[in-house]
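Hi,

Here is the structure I promised to pass on to you. Have a look at it first, and then read my notes below.

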Amino acid sequence: MLFGYSSEKEKYIFNLSRINKHIILKTNDLEIGYKSKKSINSISKNINISLEKGKFVCLLGQNGIGKSTLLRTLTKVQPKLNGTIFFNNKSIEKVNQLDFSKQVSVVLTERLPESNLSVYELIALGRQPYTNWLGKLNEQDIKKINEAIELVKIGHIKHSKYYELSDGQLQKVLIARAIAQDTEIIILDEPTAHLDVLHKMETFKLLKSLTKKLQKTIIISSHEIHLALETSDDLWLMTNDNFKTGNKDILIENGELEQLFNSDLIAFNKDTKRFKLKS
Amino acid sequence: MNQQKSYTTSFIIIIISLVIIWFLNISLGSVDIPLKEVITSLFNGEVTKDSWRNIVVNYRLPKAITAVLVGSGLSISGLLMQTLFRNPLAGPFVLGISSGASLGVALLILGVSLIGGISSLAFSNFGMAFAASLGAFMVLSAVLIAANKVRNTMSILIIGLMFGSLTSAIISVLIYFSSAEQLQQFIFWGFGSLGNLSWSELSIFSIIYLIGISLLVLIIKPLNSLLLGENYAKSLGINIKKTRNLILVITSILTGIITAFSGPIAFVGLAVPHLTKLIFNTSNHKVLIPAVMIVGAILMLIADIISQLPSLEYMLPINAITSLFGAPIVIWLLIRKRKIYI
């Protein structure tokens, strides 16, 4: 398909992707949903992902389409219904919880239970997969924690209690915790949901920079389509009967974004890369 | 690093308080014994009156040790429940474990009339201990089975509450059908008591207590990650099911044995973790576990001193003391701080 009507740009991207291609996450005909004794509630199927290391990926889709379910399945929080998931060529079921925690870290939407943890202690918990039975931090752990604090620029609040923070600060702390966990992949479920426009942009920029500086692979779900189009490398587009992945420019070119919302109200403009209300 | 220093200071203060209050506890009682004589009898020296040594060594000393075990054990159970359920109101009472132990004793004391015959064996302290542990264990097993079916910790908390009211209801029925004499015996057990243990009973108590406490080393790290919620804990490589079961087993061992030997003592398991968190201002279990144990022991020793003030002819029930003096203190502290955390 690529060669059929390929532009120069597409050719370039295609060739680039053939060199140095390290597939970090791969799924085959993945089906996600909820299973109980009586019934199976399939939310989405035929999800085929092939993700390269070091990409910044945005998962886009309408409310209730199953973005969180997909991320929860990829992070082993809930079991898949069918298909396979491979991280670094290893099936997700064959990796035990501890080893998995050294590969994938998460930032979840759920609120933290109220406790007395300080920012530093919260970030330090990210080192748990590496510490001994008492959770004692060694030099390497402390170095990683300080690096994470530095990267996210939250040194000035590291001794605060986390319940004293604003939503924007808390989100940075949670991202720092995930960085301190020192995993190849970070998966974030709607990390910008409660933030103002400045903090939204800041978060996207920060995540993008992590892929550049630390070669992390970052997957986020978001409703910030315009920011996602600006900053991401790849997009995952989730609709009722379809799951498309790929480079964002190709997806735009192929008119896939048009399909994202099944509505007569809005339309996608390829040139401005923006959704507009139909007049 | 600064914080580390303040923890050390607080620890030194509470350890010194523990030692002082422990000696105070041993030297005070309805019989006036000079402090010097108390200490010499502790170290097996020459004492003016033999009865003094007898009182100190065979009554006050085991009672003080019991107070330490009861206070620290119940407080640890409370801390574990609060972290597991991420709910500041959780405690051994809430999970129905204490009521389970009460049910065991109630069945023994009140139900004996229905069977008859074995009363002399049944009313020994060992018989009561066995019945209470069995009751605690039964309720806990039921909660555990439910816990493995229900993922949500809030549901487990409610299931625990339901088991608690179920056992209380059965106890009420038993009380209704029992004789005045049996009722009196059960109610006296319910008042709680630290002073009825012989050295041999105390040694069994201590061994089982130590088994429960030593299991704590397995869960210090998981407890801290549970502060972020179960999903985060899981993403940090923690085996949630194993941790949850370990916490429930430790709690049942400690609560079961304590309730068996000293009655259902209220308030301590719920309140001491909060008091300790107010002093130490942390949620880190590496600090909290030893701190909660020490504060719990101090509180129990103080309650015991109050229950048998030298001027009083009678001993007050320990259960009433812990609630009467402890509850207002906690209410005052919480109002002043306005917010409580797990």
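**The sheet**

Strand β4 (residues 82–87) of chain A is joined to β5(A) by 2 bridges, and the two run antiparallel. Across this pair, Phe87(A) sits opposite Lys90(A) of β5(A). Please keep in mind that this is a predicted model.

The open sheet that holds this pair has 4 strands of chain A, in the order β2-β1-β4-β5, with antiparallel pairing. β2 (40–52) and β5 (90–91) of chain A are the edge strands: each has a single partner strand, so one side of each has no neighbour in the sheet. In general, strands of a sheet pair through backbone hydrogen bonds.

Helix α2 (residues 67–74) of chain A packs on the sheet, where it touches β1 (23–35), β2 and β4 of chain A. The direction of α2 makes about 120° with that of β1(A).

**Helix α7**

At the N-terminal end, Asp196(A) caps α7(A), with a side-chain oxygen 3.2 Å from the backbone nitrogen of Leu198(A). After α7(A) comes Gln215(A), which has a positive phi, near 55°.

The buried residues of α7(A) include Phe204(A), Leu207(A) and Leu210(A). The partners that the buried residues of α7(A) pack against include α5 (139–152), α6 (167–180) and β8 (217–221) of chain A.

Enjoy exploring!

Note on methods:
Residues numbered from 1 in each chain as written. Chains lettered and ligands numbered in written order. Predicted model: local features only at pLDDT ≥ 70, side-chain atom pairs only at ≥ 80, totals over all residues. Heavy atoms only, no water. Buried < 20%, exposed > 50% of the residue type's maximum accessible area, 1.4 Å probe, protein only. Contact = heavy atoms within 4.5 Å. Polar contact = N/O pair within 3.5 Å; in protein donor to acceptor, adjacent residues only side chain to side chain. Pairing = 2+ DSSP bridges. Axes fitted to C-alpha atoms, helices over the stretch in contact; angles between N-to-C directions.
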